[in-house]
Amino acid sequence: PPLGALPPTTDWDSLMYHLEVPGEFLKPGRILVPEDNLHVAFVGLWHMLYLPFLVIGSSIAPALLNAACALLLGIAVLVIGARLFDRSSAVLAFIALWGSSGIILVSAAPRIDVVLAYCLLLVTYVLISAAEERRPEKLVTAAMLAGVALGMKYHALLFLAALLPVAVWAVSRASAKNSERLRRLGWCALVAILTALPWLVKNWLLLGAPLYPLLAERLLSPWLAELSGGSNLPAGVPPEASPWTAAVSWELRRIR
């Protein structure tokens, strides 16, 4: 991954928002909705680490940072696999990880999917460790990591929802009474939400919905909203339309 991260970034996602939107924050010195980019909804905790590199004009450094996390992911797979299963299973998982072209390609770019996978792997391991060792304090660590994952990319909600039975199992083993179990679950949920809250509030303030575009009315980019006279998609434009498709659809309707 480090060698793959050295050439200039060329993939669409990285150039469209992983680097572009944080770069837009630097111009006025604040977080805002760029005139032409609602992908600000997907910019979260990890992207803030790109800002010092973008200040000095380095677009390669964010990719190198992600490549380093990919190496940590590989080490974590090897170590966790050996601890939870056996050495052979760990080695096979390690080989399967690096045999995935998707992992290799994404880890050498400013995209955050591999970093998110690393964080979610740690959440899973800490939960299992808390259950096996009956150490409730580790549940707080898992909750904080879950909040970090959600702050990186709120698509992590799907994985965290799948982990909920594991969390309930860990709390059940770490606590003797049902009242104590419910209290621990509540505290862990609160810790996770508070950790992710700044990024959810960011979307709510900028776009009107914490998980935009999920569970929200689709908006036009500011420059299109200025032309159309409103921020909502015009009637007849499908919700999945891109900004350019929305612009063309709106212009055709106006001409007609």
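Visitor: What makes Glu 133, Arg 135, Glu 137 and Lys 138 a network?

Guide: Salt bridges link Glu 133, Arg 135, Glu 137 and Lys 138. A salt bridge is a side-chain nitrogen of Lys or Arg within 4 Å of a carboxyl oxygen of Asp or Glu. In the pair Arg 135 and Glu 133, the closest N and O atoms are 3.3 Å apart, so the pair meets the 4 Å limit.

Visitor: Where do these values come from?

Guide: The model is predicted, so local features need pLDDT of at least 70 and side-chain atom pairs count only at pLDDT 80 or more, while totals for chains, interfaces and linings use all residues. Residues are numbered from 1 along each chain as its sequence is written, and side-chain values use heavy atoms, with hydrogens and water left out.

Visitor: Why is Arg 135 called partly exposed?

Guide: Buried means under 20% relative accessible area, exposed means over 50%, and partly exposed is in between (1.4 Å probe, protein chains only). Arg 135 has 35%, and Glu 133 has 41%, so both count as partly exposed.

Visitor: Why does Ser 129 count as buried?

Guide: Its relative accessibility is 4%, which is under 20% and therefore buried. Ser 129 lies in helix α7, residues 113–133. Helices are DSSP runs of H or I with at least four residues, strands are runs of E with at least two, and both are numbered from the N terminus. The protein chain has twelve helices and zero strands.

Visitor: What does Ser 129 touch, leaving aside its neighbours within four places in sequence?

Guide: Ser 129 is in contact with Arg 134 and Lys 138. Contact means heavy atoms within 4.5 Å.

Visitor: How many salt bridges does the structure hold?

Guide: There are seven salt bridges. One of them joins Lys 153 and Asp 113, with the closest N and O atoms 2.8 Å apart. Lys 153 is in the loop between α8 (137–152) and α9 (156–174) and Asp 113 is in helix α7, so this pair ties together parts that are 40 residues apart in sequence. Asp 113 is partly exposed, at 29%.

Visitor: Which residue forms a salt bridge with Glu 180?

Guide: Arg 184 does, and the closest N and O atoms are 2.9 Å apart. Glu 180 and Arg 184 both lie in helix α10, four residues apart, about one turn of the helix. Arg 184 has 25% relative accessibility and therefore counts as partly exposed.

Visitor: Is Leu 207 buried or exposed?

Guide: Leu 207 is buried, because its relative accessible area of 7% is under 20%. Leu 207 is found in helix α10, residues 178–207. Not counting residues up to four places away in sequence, Leu 207 touches several residues, among them Val 33, Leu 38 and Tyr 212. Leu 219 is also touched, and the C-alpha atoms of Leu 207 and Leu 219 are separated by 7.9 Å.

Visitor: What share of the protein chain counts as buried?

Guide: Of its 256 residues, 42% count as buried.

Visitor: Where is Asp 36 found, and why is it called partly exposed?

Guide: Asp 36 is in the loop between α2 (20–26) and α3 (51–55). At 48% relative accessibility, Asp 36 falls between the two limits and so counts as partly exposed.
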